[in-house]
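The following note is meant to be read with the sequence and the three-dimensional view at hand. Please follow each point on the display as it is raised.

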Amino acid sequence: MDIVNRTWGKYEVLQLDYDCKVKKLTINPYKQISKQYHMHRSEHWLITKGEATVYLDGVFYSLVKGESIDIPQTSIHYIANETDGPLTIIETQLGTYFGEDDIVRVND
């Protein structure tokens, strides 16, 4: 499938079904995705390379390769790479809608 470039890195959709979407995200050094939430899906993030800082509903978590975290629907979250190496995660989305327009960005 296509690779989509973003300011923070890139992602590739690995699987898309009616009830599940799987992406591989690569987050560049010292970058992060926007602070956001989703109305129609939950997410599960598995770290496959690097070290991640995850913000989830006001709490920060540090995760390394092999660790994962669940992001419930409507929870405010982001993932950051605060290192000088790449961060790769597998994101599994579960829900009723997986469009990119289900990203509600939250300003600090």
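How many bridges join β3 to β11, and in which sense do the two strands run? They run antiparallel, and eight bridges join them.

1. Basis of the note. This is a predicted model, in which local features need pLDDT of at least 70 and side-chain atom pairs count only at pLDDT 80 or more, while totals for chains, interfaces and linings use all residues. Residues are numbered from 1 along each chain as its sequence is written, and side-chain values use heavy atoms, with hydrogens and water left out.

2. Strands are DSSP runs of E with at least two residues, numbered from the N terminus, and two strands pair if DSSP finds at least two bridges between them. Seven of the eight residues of β3 are buried (under 20% relative accessible area, with a 1.4 Å probe and protein chains only), so the strand is largely enclosed by the rest of the structure.

3. The largest nonpolar core. Such a core is a set of buried Ala, Val, Leu, Ile, Met, Phe, Trp, Tyr and Cys residues joined through side-chain atoms within 4.5 Å. The largest one has 20 residues, of which W45, V54 and I79 touch the most other members. The largest share, four residues, comes from β7. Contact means heavy atoms within 4.5 Å; beyond its neighbours within four places in sequence, W45 has contacts that include I33, V54, I71, I79 and I89.

4. Strand β7. Five of its six residues are buried, so β7 is largely enclosed by the rest of the structure. Strand β7 is joined to β10 by four bridges, and the two run antiparallel; here V54 stands opposite I79. With β8 (residues 59-64), β7 pairs in the antiparallel sense over six bridges, and V54 stands opposite Y61 in that strand. β7 and β8 form a hairpin with two residues between them.

5. D57, in the loop between β7 and β8, has a positive phi of about 50° although it is not a glycine. At 57% relative accessibility, Y30 counts as exposed (over 50%).

6. The largest pocket. On a 1 Å grid over the protein atoms alone, a pocket is an open set of points where a 1.4 Å probe fits, with protein on both sides within 12 Å along at least five of seven lines; lining residues have an atom within 4 Å of a point. About 240 Å³ of space lies in the largest pocket, a volume being the space filled by probe spheres set on the points. Its lining has 18 residues, and W8, Q36, E100, I103 and R105 lie nearest the centre. β6 gives the largest share of the lining, three residues. The lining divides into six nonpolar, five polar and seven charged residues. Here Ala, Val, Leu, Ile, Met, Phe, Trp, Tyr, Cys and Pro count as nonpolar, Asp, Glu, Lys and Arg as charged, and the others, Gly among them, as polar.
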